[in-house]
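Here is a short tour for anyone meeting this structure for the first time. Keep the 3D view open as you read.

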Amino acid sequence: MSHVTGSGAWLWLRRAAVGLMALALIGAPYSGGSAAPSPDTAVLLQGGDILTLEPYFSSSLPDTNAIIHMYETLTRFGDDLKLLPGLAESWRLRDSRTWEFKLVAGRRFQNGEPLNAAAVRYSLLRGKEFYEKKLGDVQYEYSLLDLDAVEAVDDVTLRIRTKEPNPLIPLHMAHTQTAPMPPRYTSQTSVNDLQRKPIGSGPYRVVEFVPNERVVLEAWADHPDRPRIRRLLFRPVPEDATRIAELTAGNADIIVNVPPDLISQVERTRSGRVETVAGLRRIIVGLRMDRHPALRDKRVRQALNYAFDCRTMMRNLLANKGECTGTVANVPDQNPAVKAYPFELQRAGALLDEAGWRMNPRTNVREQGGRALEFGFDCPRGRYIKDAEICQVIASDLAKVGVKTDLQVFDWSVFVGKSARRGAGFRDIYLIGSGPGFECQADLALVQKDSGSNRSLTDMPRFEALWDDMSVTFDVKKRRDICFKMQEVIYDEAPVIFIWFQTDIYGVSQRLEWKPRVDERIRLHNARFR
Amino acid sequence: MLVVVLMVSAASFALLFLTGDPTELLLGSAADVMSQQQIEEFRRARGFDRPWPAQYLGFVIHAARGDFGESLRHHRPAFEVIWERVPATVQLGAVAFALSVGFGVPLGVISATRRGSAVDAGAMLVALLGQSVPSFWLGIVLIMLFGVYLPLLPISGRGTWLHLVLPGVTLAAFPLARNARLTRSSVLEVMHQEYVRTARAKGVPELGVVYRHALRNALIPVVTVIGLQLGFLLGGSVIVETIFAWPGVGRALIQAIGNKDFPVVQAGVTMLAVTFVAVNLLVDLLYATLNPRIRYQ
């Protein structure tokens with residue numbers, strides 16, 4: 001039997017192990033990482049990486065939370081979502097297709113370039129070009145803008161003309177993808193560099209961008225409203241429990257998406273507290289009108305709402321961190337007279353009986369003409385708070401009134417494919433969330449018959465008549481009145497099972513004075529340390 | 001090697017393609033406000049309407065020139081998206097490898113030489129736990145113990161060498177346990193060989209019998225497994241990277257799959273395939289070097 005010689009296995013292993021360990025340790029740079037935050041730095045832990053700091057290339061929330069500190073927009077939403085002046089001090093409708101904005105005079109970008117109407121025009125036309133060439137991530141915003149022309153009348157006067165009348169242009173000017181960018185720097189800088197070293201006019205500028213690890217912003221000394229916190233450090237921490245551990249250990253100031261069942265863990269710590277806000281994301285179960293015939297009957301749709309015990313679900317599953325709703329309009333446009341459907345099993349049963357769906361005592365499933373009241377129920381997992389669990393609760397509640405469901409849960413990348421083409425891949429009912437439109441009519445587009453976001457293919461004549469009215473009404477008060485009436489119709493027609501406006505739950509350090517906003521934006525312009 | 005890499009990349013491309021093109025995922029809410037014609041224009045502009053063999057052929061031709069295309073999410077070269085994460089992955093993989101070998105092999109040897117004793121039982125219990133405990137649970141427990149209750153180590157992220165400790169230990173747990181058990185059984189098998197008995201009969205001290213005679217032969221199969229293990233470690237670990245927010249390749253790849261970011265998936269899969277094949281080749285060559293009875297044509 002021969003032995004192995006010389007450079008034997010053990011020698012190789014030892015050398016390999018030592019070599020690799022040395023490689024790892026030598027390669028480990030001495031730099032920030034997680035540690036107790038310094039007194040002048042606020043540390044924000046988000047669930048996703050910041051991929052880009054160029055607003056035209058992103059609409060993701062982690063990116064936007066950094067971008068809103070570096071860029072400003074012509075208008076902006078206040079904490080209560082009222083539209084406020086930003087870089088524009090006023091605006092007016094010049095004719096049915098033209099809005100005129102008056103800019104604040106004398107502003108500059110962080111590199112000294114003048115922030116005037118020409119710069120805003122340059123930026124908007126750049127966005128339009130990106131949209132037409134299918135570049136960047138501007139498809140959503142610029143399809144809604146539908147720009148025809150942009151004119152810089154003088155340094156402080158800008159006119160925006162759209163292809164069709166659009167009363168919502170001032171709202172769109174609050175979107176980061178309309179943020180002005182310095183023309184000379186932007187045109188001379190590669191796209192790659194723009195994403196890492198952008199120049200805006202906001203109160204912060206980027207000082208460090210380590211992909212997948214951290215972004216550091218520092219207050220810009222020459223900004224008219226200099227923030228009180230000198231530095232912001234953004235880090236991606238995907239795992240919920242890890243973010244909570246960092247907050248508990250005193251290493252973070254704001255963490256996002258605290259799961260409802262871990263709220264008590266944060267509340268028990270000395271270093272952190274929980275802050276919640278009813279967000280703008282509507283969570284509903286859509287009811288497709290083109291599938292099961294029962295769903296075309298308003299009584300059946302109402303019955304589904306009465307059968308769903310939303311309040312018990314809110315208490316048991318979501319730690320009471322939210323409220324059930326009966327509308328799909330967001331604040332501040334919610335009709336106060338429209339409340340959530342009450343949980344009334346008997347009434348649900350009576351409505352189903354009235355609609356001709358009788359309980360089969362053998363199967364405990366309702367039937368009509370030999371056809372069972374059974375729905376295919378499609379649900380995403382991991383996209384919304386407790387989405388799969390909410391679906392299970394609803395399925396269970398519906399079963400109690402004899403409505404059977406075949407629940408299937410999908411990963412989001414698969415679910416989104418089903419939701420395409422107005423939900424062509426969905427079966428009968430589906431859980432989905434929908435972001436805000438920031439204006440009543442945009443919110444209610446969720447159930448408007450021609451809207452791409454109407455995946456239920458709902459068609460409510462009373463609602464459509466009000467919609468047509470609203471489309472040609474520019475008076476704010478009249479629009480509000482129509483908005484309230486439309487919500488009453490939606491409640492009565494019940495084209496969806498109403499659930500809730502997803503609550504945003506944050507963990508916040510005790511040293512930070514900050515309140516969350518309803519639009520999920522983490523804005524630290526006015527935050528300060530205690 | 002090239003054939004293997006091509007086959008792996010073709011298979012991954014086809015599988016991802018079967019889940020549908022990424023148009024709707026990329027457009028997100030925009031698809032709701034665009035007409036079907038506009039969506040089809042977008043699909044055509046990005047080349048998603050072509051049959052998958054045509055798309056794959058285009059990818060191969062460009063990849064041969066080092067161009068894996070632009071990431072659909074990151075809007076920059078897909079290769080860059082993966083490559084910038086390689087140092088972090090190699091770093092963590094190297095530490096886990098060193099721990100798994102540096103502790104696993106000696107544990108196995110000690111266990112084999114004290115077979116039936118309390119030390120052997122203890123070592124194998126540790127090995128059993130290492131292979132049974134989910135890395136997710138272990139990672140969170142280590143975070144709570146050493147990051148929160150005894151704040152001795154950083155909890156997440158990458159920075160100093162201290163940041164490597166918790167994820168390194170978590171990632172090393174399973175391979176360490178496997179190395180210990182494999183080494184133990186291999187040493188036990190070799191210790192019954194005639195040449196070991198001869199060495200003892202010649203009066204060689206027991207320590208010498210084990211380390212100078214038995215171990216060298218016992219480690220040959222262990223080296224093979226450890227070599228393959230290195231390939232897995234260098235491929236990144238999604239779970240550990242997610243728990244510790246470690247900026248590695250594994251997490252990037254999973255995100256790219258979920259986002260149907262074809263170019264990044266292809267860049268990542270190709271890189272992993274090359275790594276595995278290279279490590280396998282290295283192990284095969286090393287095997288021949290270590291064991292003179294093995295010679296390749």
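## Two helices side by side

H10(A) and H12(A) cross with a left-handed sense. This is a predicted model, and the pair is a handy place to start looking at it. Two packed helices are described by the angle between their axes and the distance between the axes. Here the angle is about 160 degrees and the axes are 8 Å apart, with H10(A) covering residues 298-307. Angles over 145 degrees count as roughly antiparallel, so that is the label for H10(A) against H12(A).

Which residues of H10(A) and H12(A) meet? From H10(A) come Arg299(A), Val300(A), Gln302(A), Ala303(A), Tyr306(A) and Ala307(A). On the H12(A) side they meet Leu345(A), Arg347(A), Ala348(A), Leu351(A), Leu352(A) and Glu354(A). Sorted by class, this contact of H10(A) with H12(A) has 8 nonpolar, 1 polar and 3 charged residues.

Now step back along chain A to the loop between helix H11 (310-317) and helix H12 (345-354), where Pro332(A) sits. The peptide bond leading from Val331(A) to Pro332(A) is cis, and its omega is near 0 degrees. Most residues other than glycine have a negative phi, and most peptide bonds are trans.

Asn320(A) is in the loop between H11 and H12 of chain A too. Its phi is near 60 degrees, a positive value in a residue other than glycine. Is Asn320(A) buried or partly exposed? Asn320(A) has 13 C-beta neighbours inside 10 Å, so it counts as partly exposed.

## Another positive phi

Over in the loop between strand S20 (512-513) and strand S21 (528-529) of chain A you'll find Glu520(A). Glu520(A) is not a glycine, yet its phi is positive, near 70 degrees.

## A mostly covered helix

Next stop is H2(A), which is mostly covered: 9 of its 10 residues are buried. The buried ones are Pro62(A), Asp63(A), Thr64(A), Asn65(A), Ala66(A), Ile67(A), Ile68(A), His69(A) and Met70(A). What do they pack against? Their partners in chain A are strand S1 (41-46), strand S8 (204-210), strand S9 (214-219) and strand S10 (231-236).

Let's zoom in on Ile67(A), which belongs to helix H2 (residues 61-70) of chain A. Ile67(A) is buried, with 24 other C-beta atoms within 10 Å. Setting aside neighbours within four places in sequence, Ile67(A) is in contact with Leu53(A), Pro55(A) and Thr176(A). Thr176(A) is 109 residues away from Ile67(A) in sequence, but their C-alpha atoms are 7.6 Å apart in space.

## A look at chain B

How many helices and strands does chain B have? The count is 15 helices and 0 strands. Of its 297 residues, 48% count as buried.

As for overall shape, the C-alpha atoms of chain B fill a box of roughly 85 × 60 × 30 Å along the principal axes. The radius of gyration of chain B is 24 Å, while a compact globule of 297 residues would have one near 19 Å. Take the contacts in chain B between residues at least 6 apart in sequence: 73% of them join residues at least 24 apart.

Technical notes: Residues are numbered from 1 along each chain as its sequence is written. Chains are lettered from A and ligands numbered from 1 in the order in which they are written. This is a predicted model: local features need pLDDT of at least 70, side-chain atom pairs count only at pLDDT 80 or more; totals for chains, interfaces and linings use all residues. Helices (H or I, at least four residues) and strands (E, at least two) are DSSP runs, numbered from the N terminus. The radius of gyration is taken over C-alpha atoms; the globule rule is 2.2 Å times the number of residues to the power 0.38. A residue is buried if 20 or more other C-beta atoms lie within 10 Å of its own, exposed if 12 or fewer, and partly exposed in between; C-beta atoms are placed from the backbone. Two residues are in contact if their C-beta atoms, placed from the backbone, lie within 7 Å. Axes are lines fitted to C-alpha atoms, for helices over the stretch in contact, and angles run from 0 to 180 degrees between N-to-C directions. Angles under 35 degrees count as roughly parallel, over 145 as roughly antiparallel, 65 to 115 as roughly perpendicular and the rest as oblique. A crossing is left-handed if the near helix is turned anticlockwise from the far one by less than a right angle, and right-handed if clockwise. Ala, Val, Leu, Ile, Met, Phe, Trp, Tyr, Cys and Pro count as nonpolar, Asp, Glu, Lys and Arg as charged, and the others, Gly among them, as polar.
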